[in-house]
Amino acid sequence: MILGKVFDKFVGRTPVSVMIRGSLEYALSEQFVNQIFETTATRQYTRDLLFSDVVNLMGDVVCQVFPSVNAAYAKQRERFSVGRRAVYLKINHIEPDITRELVAQSASRLGAVVRVLQRSSERKGLLPGFSVRILDGNHLAASEHRIKELRDIAAGPLPGQTLAVLDPDSRLIVDVFPCEDGHAQERSLLWDVVESIQPHQVWIGDRNFCTSMFLFEIALKDAYFLIREHATNAQWETVGERRKVGRTETGMVYQQRVELIDQSGTRLRARRITIKLDQPTEDGDTEIHILTNLPNRVKATRIAEAYRNRWKLEGAFGELATALHCEIKSLGYPPAALFAFGIGVVAYNILSVLRTALAAAHGEKWVEQISAYYLADEIRGMMRGMTVAISPRDWQRAFGSLSARQMAKLLIDLAKRVRLECFRKTPRGPKKPRTKRTKFKGKGHVSTARILQESRGRPIQQLSYRCKQ
């Protein structure tokens, strides 16, 4: 008996669901969430509708327990002391800063659990000795035209975008920078990113973030950059000859000493790492150039391998869009769409904690084999029954006040009961070229049974006889 009689049946049959629902309670407890709202909100206030109720409602939609905000409200009407309109008004006006704080502070709570879970892990960090941050942008998909001002617009209305920051060692998205303007350049958000940079961090990003301002500000913060070079946005001069230093899985690696120059003429010593690719990129590039101010003890080949891990954040965006329902097309107002995305990020982080717990219980080799889709599908199928059988008070009592150490131990105990084969990814084979459809062009339809019979060399008359029988 891990959690008591009220949880026994679910622990025995679906420990994954208990782990996810319990982690949600731990990361987003009522008191914790309401405190974030009270300390961060500048325009909104609490009267009859608690922010925690809105978070729980949106969490059910993002995890696809209910198909829409309206359906979730209708099924849980007794939980709210206000009408449907008041709930939508609250969601449509949630300030982006609140969304950011919700993601950052919940990631901090979950990060403490991850550190306990990883103590016995043999997994090495991406760049041992450094705290790594991967930065990338994500534009939310176009919403429906439900808002009055959008109904006569043919173009797809973009409800916003975010910059997200991934800690690859903990597998958590630790910060987001929401922007309500879907057409704003990602670079316009970099000053907010600069304010969050801590000493000795390593920031990895693609060429969209290669600006002199960003590179020099990172260096001024006593931090390090590992950014793909943009052809025009960063000025530099060579200091030494380019020389071959080794090889990675994708190509030959070269290194060259350079000096970066900002608009005021200030110079910054750096290295320019070049990977001469064995195979061109999708854009046709045969070489990738990376600018970095990491110390010389970090080898160029190690830097090249670290940059390859930038795709992990893009993979996280893919899971957010497919396994989780974080881009809700019916939410056209930018604050609401960004809030839903933020809740999706919290749900993604919880799935990451679950993977880490499974690795602690069964071995690190399992982490990359676990499917986020199957994990999300498990909780979709079980959450409604768990909501009926187990009250919110029971969840709060079991998970809400645990320490990071206690939470980690409980997750490992539950993870040991999980049948991992039920959640293993099913890798697809290589894509085959699409077969040209040339037969029966003049016909509207054909009989599948007859086509199969002909391919097996059986006469059509025999098929007709059996059908009559």
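This is a predicted model: local features need pLDDT of at least 70, side-chain atom pairs count only at pLDDT 80 or more; totals for chains, interfaces and linings use all residues.
1. Glu237, Glu259, Arg267 and Arg269 are linked in a network of salt bridges. Within the group, arginine 269 pairs with glutamate 259, and their closest N and O atoms are 2.9 Å apart. Arginine 269 belongs to strand S9 and glutamate 259 to strand S8, ten residues apart. Arginine 269 counts as exposed because its relative accessibility is 58%, whereas glutamate 259 is buried, with a relative accessible area of 17%.

2. S8 (residues 251-261) and S9 (residues 267-277) run antiparallel and are joined by eleven bridges. They form a hairpin with five residues between them. Glycine 265, in the turn, has a positive phi of about 90°. Isoleucine 261 has arginine 267 as its bridge partner in S9.

3. S8 also pairs with two other strands. Strand S6 (residues 235-238) runs antiparallel to S8, with four bridges joining the two; here the bridge partner of glutamine 235 is isoleucine 261. Strand S7 (residues 243-247) is likewise antiparallel to S8 and is joined to it by four bridges. Lysine 244 stands opposite tyrosine 254 of S8. S7 and S8 form a hairpin with three residues between them. How much of S8 is covered? Nine of its eleven residues are buried, so the strand is mostly covered.

4. Aspartate 278 and arginine 247 form it, with the closest N and O atoms 2.5 Å apart. Because aspartate 278 lies in the loop between S9 and strand S10 (287-292) and arginine 247 lies in S7, the pair ties together parts that are 31 residues apart in sequence. Aspartate 278 counts as partly exposed at 41% relative accessibility, and arginine 247 is partly exposed as well, with a relative accessible area of 48%.5. Strand S4 (residues 201-205) is largely enclosed by the rest of the structure, because five of its five residues are buried. Gln201, Trp203 and Gly205 point one way from the strand, while Val202 and Ile204 point the other way. Strand S1 (residues 131-139) pairs with S4 in the parallel sense over four bridges, and arginine 133 stands opposite tryptophan 203. Strand S5 (residues 224-228) also runs parallel to S4, again with four bridges; tyrosine 224 in S5 is the bridge partner of valine 202.

5. What does aspartate 206 meet in a salt bridge? Its side chain meets that of arginine 310, at 3.7 Å from N to O. The pair links distant parts of the chain, 104 residues apart: arginine 310 is in the loop between helix H10 (300-308) and helix H11 (311-322), and aspartate 206 is in the loop between S4 and helix H9 (212-220). Arginine 310 is buried, with a relative accessible area of 13%, and aspartate 206 counts as buried at 12%. The structure holds 18 salt bridges.

6. The largest pocket contains about 720 Å³ of space. It is lined by 29 residues, and the closest to its centre are Arg21, Glu25, Asn56, Arg79 and Pro392. The elements that give two or more residues to the lining are helix H2 (15-27), helix H3 (30-40), helix H4 (51-62), helix H13 (372-389) and helix H14 (392-400). Which of them gives the most? H4 does, with six residues.

7. On the surface, Phe440, Val446 and Ile451 form a nonpolar patch, with about 240 Å² of accessible area together. Isoleucine 451 lies in helix H16 (residues 448-455). With a relative accessible area of 33%, isoleucine 451 is partly exposed.

8. Some overall values complete the note. The secondary structure comes to 17 helices and ten strands. Of the 469 residues in the protein, 51% are buried. Taken along the principal axes, the C-alpha atoms fill a box of roughly 85 × 70 × 55 Å.

Terms used. Residues are numbered from 1 along each chain as its sequence is written. Side-chain values use heavy atoms; hydrogens and water are left out. Patches are made of residues with over 30% relative accessible area and no salt bridge: like charges are joined within 9 Å, nonpolar side chains (Val, Leu, Ile, Met, Phe, Trp, Tyr) within 5 Å. Accessible areas come from the Shrake-Rupley method with a 1.4 Å probe; for residues, only the protein chains shown count as cover. A salt bridge is a side-chain nitrogen of Lys or Arg within 4 Å of a carboxyl oxygen of Asp or Glu. Buried means under 20% relative accessible area, exposed over 50%, partly exposed in between (1.4 Å probe, protein chains only). Two strands pair if DSSP finds at least two bridges between them. On a 1 Å grid over the protein atoms alone, a cavity is a set of points where a 1.4 Å probe fits but cannot get out, and a pocket is an open set with protein on both sides within 12 Å along at least five of seven lines; lining residues have an atom within 4 Å of a point. Grid points are joined across faces, edges and corners, and a volume is the space filled by probe spheres set on the points.
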